[in-house]
Amino acid sequence: MRYIVSICVSVYFLCLSGSALAQVLGKVGSLLAADRTAARLSATEGPYTALRSIVDRNSLFFTPAPVGALEYLDNRPNIPDVMTWKPAFAAVAKSMEWGVTAGSLTFQRVGAIKRYGEYLTVWHRDRKGNWKINLRAQIEHKGGKEEPELRYIEPDEKDYTRFRTKERIQQRKEIVLSNDQLLSAVLKSDASIAYGEFLADDARFYFPWNTPVVGKKNILAFVKKRDMAIEAESLVANRSYSGELAYSYGTATVATKTEQMKCNYVRIWQLQPDFQWRVIIEMLFEA
């Protein structure tokens, strides 16, 4: 898989239609088009309508605990009157049934101040080929400078092994869960060592009330400055059919110099060229 960087979102990406976007960006373009279309629907018809259009019976929302998205929305929760979002990162698997987007988020109740945050969405494709939310999580912060460029992962053209048995597919998921458990175990003793070993060089770190931290060096400095200690428990792992992208989630207790908080986490994993699993996104959000 390769990174393609430096498409200016404000000038170029926002001017493209969904079909044109898919043509320009290749395979990842279809996923970005789905995310962008939902964001436009949120702006014109409201966040309930937008989110309802991209969920199915398999979708989960972290609210902050994971709940069924259809049940959550159909109970008419106290969702914002206005919500906008814009992807700053996207990746899609070779098998084209799995993808992830992440980026900036704003939301507001009528008569209240605008609030800011970041969202993370894992996507799956349904039987009709439509992108639907697999899980969605977010953090809140006080706003700040937006990332000027979209970064994305376009899958390479190499073929992948197609497994036919549920047992083998489950075994491959368990490999990801084992890596997640190992990372969680090392985090208990030293967060800097754990992230130094398990993060990709261009990883992204989302932490409550902070704007995104991008790059392993910056993440390690962020963790060290706050004297962060993390005790995490792995719960679930899943993996794309082609095998090179995966996610995991669980619970965590995070202690810093100034506070201790109960959190949930979502991690996005990528299989590297050296066949080691590395975290490309970690989001910790208050439970």
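Buried here means under 20% relative accessible area, exposed over 50%, and partly exposed in between, with a 1.4 Å probe and protein chains only. Ala252 is buried on that scale, at a relative accessible area of 5%.

This is a predicted model: local features need pLDDT of at least 70, side-chain atom pairs count only at pLDDT 80 or more, and totals for chains, interfaces and linings use all residues. Residues are numbered from 1 along each chain as its sequence is written, and side-chain values use heavy atoms, with hydrogens and water left out.

Helices (H or I, at least four residues) and strands (E, at least two) are DSSP runs, numbered from the N terminus. Ala252 lies in strand S12. Ser242 sits in the loop between S11 and S12. Ser242 counts as buried because its relative accessibility is 10%. A polar contact is a pair of N or O atoms within 3.5 Å; within protein, one must be able to donate a hydrogen and the other to accept it, and residues adjacent in sequence count only if both atoms are side-chain atoms. A polar side-chain atom of Ser242 lies 3.4 Å from the backbone nitrogen of Lys94.

Contact means heavy atoms within 4.5 Å. The table leaves aside neighbours within four places in sequence.

| Residue | Contacts |
|---|---|
| Ser242 | Ala93, Lys94, Ser95, Tyr160 and Arg172 |
| Ala252 | Ile230, Glu231, Ala232, Met261, Lys262, Cys263, Tyr265 and Leu284 |

**Cores**

A nonpolar core is a set of buried Ala, Val, Leu, Ile, Met, Phe, Trp, Tyr and Cys residues joined through side-chain atoms within 4.5 Å. The largest one has 29 residues, and Phe205, Ile230, Val254 and Leu284 have the most contacts inside it. At least two residues of this core come from each of H5, H6, S9, H7, S11, S12, S13 and S14. A second, separate core has 28 residues, including Tyr48, Val55, Ile79 and Ile133. Beyond four places in sequence, the contacts of Leu284 include Ile139, Tyr195, Phe205 and Ala252.

**Helix H6**

H6 spans residues 191-198, and Ala191, Ala194, Tyr195 and Phe198 are buried in it. Seen down the helix axis, these buried residues fall within an arc of 90°, so they line one face of H6. The arc is that of the directions from the helix axis to the C-beta atoms. Their cover includes helices H5 (166-189) and H7 (216-225), and strands S9 (199-206) and S11 (229-239). At the start of H6, a side-chain oxygen of Asp190 comes within 3.0 Å of the backbone nitrogen of Ser192.
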